[in-house]
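Notes follow in the order I looked things up.

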Amino acid sequence: MATSNPAFSNSPAFTQSATKAVQWTQEPSAEQLDELYARSSATPDQMDRMTYENTIVKTVIAFVVLLATAAVGWFIPALMIPAAIVGFVLALVNIFKKKPSPALVLAYAAAQGLFVGGISGVFEQIYPGIVTQAVLGTFAVVGVVLVLFANGKIRASKRATKIFLVAMVGYMVFSLINMGLMLFGVTDSAFGLRSEPSPLFGIPWGVLIGIFVILLASYSLVLDFDAVKTGVERGAPAIYGWTAAFGIMVTVIWLYLEILRLLAILRGD
């Protein structure tokens with residue numbers, strides 16, 4: 001199953017087998033077979049292969065770095081814009097780099113932490129208590145998706161992924177149009193078209209779109225977890241656990257920002 005997250009889809013470790021079957025050039029002798037059976041089996045860690053455990057460790061390390069710099073960004077919101085630019089550049093580098101680099105993944109986490117901390121501090125000043133609500137909402141969504149995936153209740157499918165990709169393209173087009181309208185002063189609302197009331201019982205477009213995008217981010221998490229499962233089952237090198245950490249971090253940050261924006265729209269400009 002291909003994943004829509006470019007952090008995974010551009011990595012061969014999650015799209016093709018990382019190990020090759022051993023081929024005998026000739027029939028093994030009885031002595032060779034006895035020797036093979038006598039050897040102790042190596043664990044994935046001993047073979048330097050990707051496991052759920054070492055992937056979780058790498059992911060936790062990345063989020064610890066993100067939270068540490070988020071605290072800095074919270075108190076120095078002026079770092080938000082340059083951090084966003086640096087984070088975007090580092091994201092592209094991590095996506096297109098053939099072999100993952102732990103240093104670059106952690107650098108991305110640090111830059112995004114400054115951005116997330118800065119924007120969270122700004123929102124908190126305008127809407128007191130909103131950051132706590134957004135954090136709890138993010139934990140809730142990630143937790144539910146993870147539990148359902150671990151229990152086999154939800155899985156990625158080709159049809160659902162195609163629908164997801166179409167929806168993502170539509171959302172990106174809408175976001176670009178909305179940003180353009182805001183930059184050129186066509187709309188003076190804090191969230192552009194998202195703040196405009198809709199014909200559907202007067203519910204702002206932002207609320208409807210926010211719920212829709214949170215569902216998209218939730219399915220993106222399913223795709224991320226499915227990619228990790230594929231990497232582990234195919235025996236990908238352990239270094240690709242950093243790719244998994246990066247991909248999951250991208251999705252979780254996106255989810256948090258969308259929940260933060262939805263809560264702000266619900267509380268009013």
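**Ground rules.** This is a predicted model: local features need pLDDT of at least 70, side-chain atom pairs count only at pLDDT 80 or more, and totals for chains, interfaces and linings use all residues. Residues are numbered from 1 along each chain as its sequence is written, and side-chain values use heavy atoms, with hydrogens and water left out.

**Overall.** I count nine helices and zero strands in the protein. Helices (H or I, at least four residues) and strands (E, at least two) are DSSP runs, numbered from the N terminus. Of the 269 residues, 42% count as buried. Buried means under 20% relative accessible area, exposed over 50%, partly exposed in between (1.4 Å probe, protein chains only). I also looked at contacts (heavy atoms within 4.5 Å). Among those between residues at least 6 apart in sequence, 80% join residues at least 24 apart.

**H4, sides.** I listed the buried residues of H4: Met 80, Ala 83, Gly 87, Leu 90, Ala 91, Asn 94 and Ile 95. They cover an arc of only 135° around the axis, which puts them on the same side of H4. The arc is that of the directions from the helix axis to the C-beta atoms. On the other side of H4, I find Ile 81, Ile 85, Phe 88 and Phe 96 exposed.

**H3.** H3 has 24 residues and runs 35 Å from first C-alpha to last, close to the 34 Å expected at 1.5 Å a residue. Its buried residues include Asn 54, Lys 58, Leu 66 and Gly 73. The buried residues of H3 pack against H5, H8 and H9.

**Core.** The largest nonpolar core has 64 residues. Such a core is a set of buried Ala, Val, Leu, Ile, Met, Phe, Trp, Tyr and Cys residues joined through side-chain atoms within 4.5 Å. Phe 123, Ile 130 and Met 249 have the most contacts inside this core. H9 gives the most to this core, with 17 residues. I checked Ile 130: leaving aside neighbours within four places in sequence, its contacts include Phe 123, Leu 260 and Arg 267.

**Trp 254.** I placed Trp 254 in helix H9. Not counting residues up to four places away, Trp 254 touches Met 168, Tyr 171, Val 213, Leu 216, Ala 217 and Ser 220. Trp 254 and Ala 217 are 37 residues apart in sequence and 7.2 Å apart in space, C-alpha to C-alpha.

**Rings.** I found four aromatic pairs. Rings of Phe, Tyr and Trp (its six-membered ring) pair if their centres lie within 6.5 Å; planes under 30 degrees apart count as stacked, over 60 as edge-to-face and the rest as tilted. Phe 123 and Tyr 127 have ring centres 6.4 Å apart and planes at 40°, so the pair is tilted. Phe 149 and Phe 225 also form a tilted pair, at 5.8 Å and 50°. Phe 149 lies in H6 and Phe 225 in H8, so this pair ties together parts 76 residues apart in sequence. Phe 149 is buried at 8% relative accessibility, and Phe 225 is buried at 11%. Arg 155 lies over the face of Phe 149, at 4.2 Å from the ring centre. The test: NZ of Lys or CZ of Arg within 6 Å of the ring centre and within 35 degrees of the ring normal.

Key. Expected span 1.5 Å × (residues − 1).
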